[in-house]
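Please walk me through this structure. I am new to it and would like a plain account.

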Amino acid sequence: MDLNKLFELARGGDLTAMEELAQRFFWGVDVEENDDQAFYWFVNAARKGSAIGYNGLGNCYRIGAGVEANAVKAFENYEKAAELDFPEGQYNLANCYLTGVGVEKDTDKGMELLIKAADGGIAEAAVSAGMNLIYGELIEQDTQKGIEYLQGAMQAQIPAAFAALGECYRDGLGVEEDLDTAIDLFEMAAELHYPDAISELIYIHDSDLSNIRPDDKKAFFWCKFGADMTGDPQFNSMLALYLYEGRGCEQDKQEAIRRMAYVASMGDETSYIILAQWSADTEDYEGCAFWMEQAAKSMYWQGSEFLTENNPLTQTTYHYYKAIGDDASAARWNRGF
């Protein structure tokens, strides 16, 4: 419906228009996100007894959208939505009880509400309920029912459901162990951009990590997929190792160094020594000294054997750092080489 028409109806007291305006502004659907407008219309909807209004207010108070964050008020509004048998409100309230947000932690109440939300069609609740039933962590174990919940969530294309069911087939939980089916399910989840599934596929295929189904070409494929899709430092770090070693791919040391430098730029301190080693291997002694300097400044590496006379890089790098202690200005210009 036209936005101006929605405003006209909402100002005239139409509850459905209030709910739609609030949700549009909260999620940025066909309009620019506006927390103040979202909160305003959720308040007006809640005053009319709207479950959507109460649930929306719970979200606003939980994250501080249009109002100061307040966990207790978030809980109270979720509770009102749940009392109106609103599945999304039940799911949010379940998470409050399970994590102790705005209320004392109570896993029994949390699981009861989670099951209600799952039965009410909330796919994310079905995944959580399914996994709890399969592993029997917070509720009595019932693997068959758990798998049914996961299968239902798959119909809604929830990637976590595919990955969770993949775990079941991988480990034989409630189903006959079947690695091929597990891999198919992990691939479906990965194609839906689910990082955990990508990690599973890398682990399954990486010949250094596992002997389940070693295939470095596939491991490289999923590692690059994850790195390019998410930009995640972990995927990029692993990808750099594949490229540097030429494992599962054509060797490309320069691209490996570029990828690892990206990881370093994200604050990953363990990458400094790797980059120093690779720079030395490729006879880039300036780069080697630079990365050793980053390591020397790092709290993570201070005191490490990598920064002592017996470091595994090159005597050149050691002499550079020895020179810093003797004459920092000379070292800065000469790099000790």
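This is a predicted model: local features need pLDDT of at least 70, side-chain atom pairs count only at pLDDT 80 or more; totals for chains, interfaces and linings use all residues.

**A walk through the chain**

Cys 96 is buried, its relative accessible area being 4%. Cys 288 is buried as well, with a relative accessible area of 0%. In general, a disulfide is a covalent bond between the sulfur atoms of two cysteines. The structure here contains zero disulfides.

The overall make-up comes next. The chain has 19 helices and zero strands. It is 337 residues long, and buried residues account for 45% of them. The accessible surface of the chain amounts to about 17,300 Å², and carbon and sulfur atoms hold 46% of that surface. Contacts can also be sorted by how far apart the partners lie in the sequence. Counting contacts between residues at least 6 apart in sequence, 39% connect residues at least 24 apart.

From the whole chain we turn to its interior. In soluble globular proteins, nonpolar side chains tend to be buried together. The largest nonpolar core in this model has 105 residues. Within this core, Leu 114, Leu 150 and Cys 168 touch the most other members. Helix α8, which spans residues 123–135, contributes the most to the core, with eight residues.

Which residues does Leu 114 touch, not counting residues up to four places away in sequence? Its partners are Tyr 91, Ala 94, Leu 98, Ala 125, Ser 128, Ala 129 and Asn 132.

Most residues other than glycine have a negative phi, and most peptide bonds are trans. Asp 30 has a positive phi, near 65 degrees, and is a residue other than glycine. Asp 30 sits in the loop that links α2 (15–27) and α3 (35–47). Is Asp 30 buried or exposed? Asp 30 is exposed, because its relative accessible area is 70% and the cut-off for exposed is over 50%.

His 193 also has a phi near 65 degrees, again a positive value in a residue other than glycine. The loop that holds His 193 runs between α11 (179–191) and α12 (195–205). His 193 is partly exposed, with a relative accessible area of 48%.

Terms used. Residues are numbered from 1 along each chain as its sequence is written. Side-chain values use heavy atoms; hydrogens and water are left out. Helices (H or I, at least four residues) and strands (E, at least two) are DSSP runs, numbered from the N terminus. Buried means under 20% relative accessible area, exposed over 50%, partly exposed in between (1.4 Å probe, protein chains only). Contact means heavy atoms within 4.5 Å. Accessible areas come from the Shrake-Rupley method with a 1.4 Å probe; for residues, only the protein chains shown count as cover. A disulfide is a pair of cysteine sulfur atoms within 2.5 Å. A nonpolar core is a set of buried Ala, Val, Leu, Ile, Met, Phe, Trp, Tyr and Cys residues joined through side-chain atoms within 4.5 Å.
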